[in-house]
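Let's take a walk through this model together, one selection at a time.

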Amino acid sequence: MEKTSQKPRVVILGAGFGGLTAARAMADTAHVTVVDRHNFQTFLPLLYQVSTAGLAADHVAHPIRGALRKTGVQFRMGSPISVDHKNKTIKLDSSEVLAFDQLIVALGSVTADFSIPGVAEYALGMKSVSEALAIRAEVMRRFEDLCRFEDDTSFSISVVGGGPTGVEMAGAFAELVRGPLKNDQAHAAAHIRINLIEAGPRILPMFSEKLSARAKKDLEKLGVNVLLNTAVAELKPRSIIVKDGNEIASEVTIWAAGVKGEPAGGLLNLPLVSTRIDVDQNLQVKNYPGIFAIGDISGFVGKDGRFLPMVAPVAMQQGRFIAKQIKRLADGKALEAFKYIDKGSMATIGRHKAVVEVKNFRMSGIPAWYAWLWLHLFYLVGGRNKIGTMADWTWNYLTFDRGNRHIMDSQ
């Protein structure tokens, strides 16, 4: 490619962690347009706190235009419906056609049901604000039923998946029941059961065995029934059938067992590997020069021969990397290979209970909990959201209460 002073036209599909990071990083070196079906970005790592009444919903959402203010980056609300690879244009469902020199696909992921019967019909996912509000409303509605019955009727909440999302969700529900709901109506709260169901031999498998065991012990102290080596075979309206044939009562089932690449990626006529877009080591889509895929939808394979995890740090590192690569293309230079730097993992179980692992460094308990709080607050987008989240957390911590116990779904 010859050197040119003209800025390339870049279209970014998706305004998640990867898309927004890339857009802001290349704002001065390219004409950038971000496309997303929503006009806000959702801070997914704290979405479970909306589900468990720990945070107000608007504290985990930030307007995309606000995030891009004074950058010169354009925004279009819509979804891609087709790509003209020959003419380098993309058509949106708003009928607008955008021309591009480079296209970055950062569409994220959706809940994966692994073809298990009943998941789509009876499980509640955890990938959007509306889903989080639906979980909160369903749990609070069942709690109100128990308050009305005033008998020995029990209510079971089951979280399927022992990764960080499932562990954090189960722990947060346990604290909701032991604190605010118990104070609201002790008899009803005493009849709520919480299950964490994991198909593997331990929860948090990405952590060391010692930290996994610590997390399991902390959850059990909170009253969570942790079921290991328990693979789900089928979901029914009020129960879960496991592969050994046993049945677990579950009035509300929350699916945190995994995610897959956003299916909208298939509309772009790009090569897929599993549910992700097939890319080279430089994140460029195989056989499609000028088109890149980053974040959850990117099928980038790490040194261990496996896909990189679908987590925010991966998307953000790839967003910054791709901005530099597009600048290199504009300068007539060759693309470089992406190298992911694993900065570790963390998960919180509840008040003063968390685990952190960075290479050989491991931490748990109160220091890990404060580290978790600080890091999530640091990456939260928007000053208003940071202040609101701090206010909610402070109130929850000092009063052992959660003021967001509203039933605010559409029912």
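Start with the whole chain and its contacts (heavy atoms within 4.5 Å). Of the contacts with a separation of 6 or more, 64% are between residues 24 or more positions apart.

Before zooming in, a word on the ground rules. This is a predicted model, where local features need pLDDT of at least 70 and side-chain atom pairs count only at pLDDT 80 or more, while totals for chains, interfaces and linings use all residues. Residues are numbered from 1 along each chain as its sequence is written, and side-chain values use heavy atoms, leaving out hydrogens and water.

Now switch to a cartoon view. You have 11 helices and 25 strands on screen, assigned as DSSP runs (helices H or I, at least four residues; strands E, at least two) and numbered from the N terminus. The radius of gyration, taken over C-alpha atoms, is 22 Å, close to the 22 Å from the globule rule (2.2 Å times the number of residues to the power 0.38) for 411 residues, so the chain is as compact as a globular protein of that length. Along the principal axes, the C-alpha atoms fill a box of roughly 75 × 45 × 45 Å.

Next, colour by burial (buried is under 20% relative accessible area, exposed over 50%, partly exposed in between, with a 1.4 Å probe and protein chains only). Buried residues are 52% of the 411.

Select Phe173, Leu219 and Ile254: they have the most contacts inside the largest nonpolar core, which has 64 residues. Such a core is a set of buried Ala, Val, Leu, Ile, Met, Phe, Trp, Tyr and Cys residues joined through side-chain atoms within 4.5 Å. Leaving aside residues up to four places away in sequence, Phe173 touches Ser51, Thr52, Ile135, Val139, Ile157, Ile194 and Ile254. Then pick Val34, Ile90, Phe300 and Ile322, which are among the 51 residues of a second, separate core.

How many aromatic pairs does a search of the whole structure find? There are eight, counting Phe, Tyr and Trp (six-membered ring) with ring centres within 6.5 Å; planes under 30 degrees apart are stacked, over 60 edge-to-face, the rest tilted. Show Phe17 and Phe43: their centres are 5.6 Å apart and their planes at 70 degrees, so this pair is edge-to-face. Phe17 belongs to helix α1 (residues 17–25) and Phe43 to the loop between β3 (40–42) and α2 (47–51), so the pair ties together parts 26 residues apart in sequence. Phe17 counts as buried at 14% relative accessibility, and Phe43 does at 3%.

Finally, select Phe300 again with Phe321 and Phe338, which form one aromatic cluster.
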